Amino acid sequence: MANVILKNFTKKFKDVTAVDNVNLEIKDKEFAVLVGPSGCGKTTTLRAIAGLEEVTSGEIYIGDRLVNDVQPKDRDIAMVFQNYALYPHMDVYNNMAFGLKLRKFPKKEIDQRVQEAAEILGIENLLDRKPKQLSGGQRQRVAVGRAIVRKPKVFLFDEPLSNLDAKLRVAMRAEISKLHRRLEATIIYVTHDQVEAMTMANRIFIMNDGRLQQSGSPLEVYKKPANKFVAGFIGSPAMNFIDSKIIKENGDYFIDAESFKVKLPQSFYSKISAYEGKEVIFGVRPEDIHDKKFFSEASPSNTLKVKVDVIEPLGAEVFIYLACGKHSLIGKMDTRTQVEVEQNMEVVVDMEKTHIFDPKTLLTIV
Amino acid sequence: MRTKKITPWLYITPAAFLLFFFLVYPSINTVYISFFNYNSEKFVGIKNYLYCFSNEIMLNSFRNNTLWVVLFVPLTVSLGLIIAVLVDRVKYESIVKSIIFMPMAISFVGAGVIWKFVYAYRPASAAQTGILNALRSFFQLEPLPWLIIRPWLNNFCLIIVGVWIWTGFCMVILSASYKGIPRELLEAARVDGATEFKIFWKIILPLMKPTIAVVATTMTINVLKVFDIVYVMTNGNFNTEVIANRMYKEMFIFRNYGRASAIAVILLVLIIPMIIINIQRFREQEAIR
């Protein structure tokens, strides 16, 4: 097992910079998820760790060994590809045994390892099938099996669940998490799905435009996003952003968005005093907007008068699209909320959980 | 509206009509004629076939055609394959491919003429106009009459011409098939620990097998029918005769319709297995789809 370190890693394709000066350290036995929108450089980073892309500049270490010029086969890694990349002419057994055969393992050990992996993944009865005869979920398992028989130092997963249907994805998510605990291996997992990232990771690395935006535990990046991008990317539905101004009245600070005015909590004051009278971006997560009837801490200074635009009932919760003057907001509310489209309602913002961003640097102020 | 039973037949009638009169009927007629004498007047039984399998030149042709199959097919297919895989890593891939494919654009007769110059021979005292002999004399070696030294060198020289023409064709088809292999598979193999050599043998080659089989059978059919190169360069002299050239001679020079037809029938019978293999492959692929 090993840790993985990237130092000032940059990757350029001709003139296009895919990954720009990324520094990250993935600890031994950690489940690290690289997440970001398409084209953010996460897959390129993973492929560079695998040795499938050359490093333009910077250093990559796997287990304290500099691997910039080491062939993929000598890096002691295994990779699960997005489209599984199973060898179509080999049956499941040979797909899994291929890497071991190349490394000249004795037949008995190959047998044993393949059986063991097949048992873990519940594919013992598929060993003589060809990939073509398998369903998407089964192929996925074989691809994972091919990685685990090798018992490598580091597992690399490149969006492995993106081709599965929603239900299977949830199931496989849990299985991969379980597998991680069982194997006690370092896993680097790439996905564009923030739900996957949040549910599986020990540590999330959020990337955008080829740059690392923030790293931390799932709750850390959720609660304390480093900038507006992270705040908007993590969480579903995405955070509401409202262009507004910070004003000071009678010693208290307010967010003034023209169509509404809310009072900021005292804990914010030290950080926002410098922004008095200046433009900022006010961020509220949908889950922090509540129906006034079901929220105890309602007061005139945190209540908005809004009109209901769209209602999306999901059973356990309800998404309500709200219009507040020129602004539109999404609220994730209690299912007891009884409103109709076009109706006026009052909602309360849980001000302690709101965020404020600098509109120029887009960095988090609070 | 329900489709009447006759409708599908109406659709295939024109094609069936053309096929029958221009393919089926001539084939049957050729078989028929092959049992008659030179002007198709007297029934001679299998005499023409006995001739084919006893006459020295005919036996020579069979031997030469076998030589063509044994050398030409593996050479074109393997060279085509190697170039297809290697050229994929070259920066100027399309230019390289165009150059290698170019002989295909030259008529076979033209190619024969070009290579006659390559193999041209003049006595040692004269200036050598053929490039091979020019090279030999440059290195102080005796010029060689390439197309006359029998039976191996001259046949080999002719086969080289065929390979020169057809390698490009094999390369283009095999290259398309190679490019159809998902890059992820090769990357997966690389991560799995395979060297480039192993990837070629264990992944690329097995995945290209169906295409290789099609190209190989096509080349075999090609070579069984080989005519133009031999006709232009040696006209079958100096033990370079091949079946198709013999057929041509019997038909248009000796005017022996019976023998020519018998040779045509033998050629057809030799080619049939190749066609069956191709059709089977095609069906298998259809079944997978």
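Biologist: How do you know which local features count here?
Modeller: This is a predicted model, so local features need pLDDT of at least 70 and side-chain atom pairs 80 or more, while totals for chains, interfaces and linings use all residues. Residues are numbered from 1 along each chain as its sequence is written, with chains lettered from A and ligands numbered from 1 in the order written.

Biologist: What makes a residue part of the contact between chain A and chain B?
Modeller: Two residues are in contact if their C-beta atoms, placed from the backbone, lie within 7 Å. Chain A gives 17 residues and chain B gives 14. On chain A's side, strand E6 (77–80) and helix H2 (92–102) each give two or more. Helices (H or I, at least four residues) and strands (E, at least two) are DSSP runs, numbered from the N terminus.

Biologist: Why are E17 and E18 of chain A called paired?
Modeller: Pairing takes at least two bridges found by DSSP. E17 (residues 318–324) and E18 have seven, so they pair, and they run antiparallel. Cys324(A) stands opposite His327(A) in E18(A).

Biologist: What makes E15 and E18 edge strands?
Modeller: The open sheet in chain A runs E15-E19-E16-E17-E18. E15 (289–291) and E18 (327–333) each have a single partner strand, so one side of each lacks a neighbour in the sheet.

Biologist: How do you know where chain A's domains lie?
Modeller: The bounds come from an automatic or database domain assignment: domain 1 is 4–233 and domain 2 is 240–357. Their centres, taken over C-alpha atoms, are 39 Å apart.
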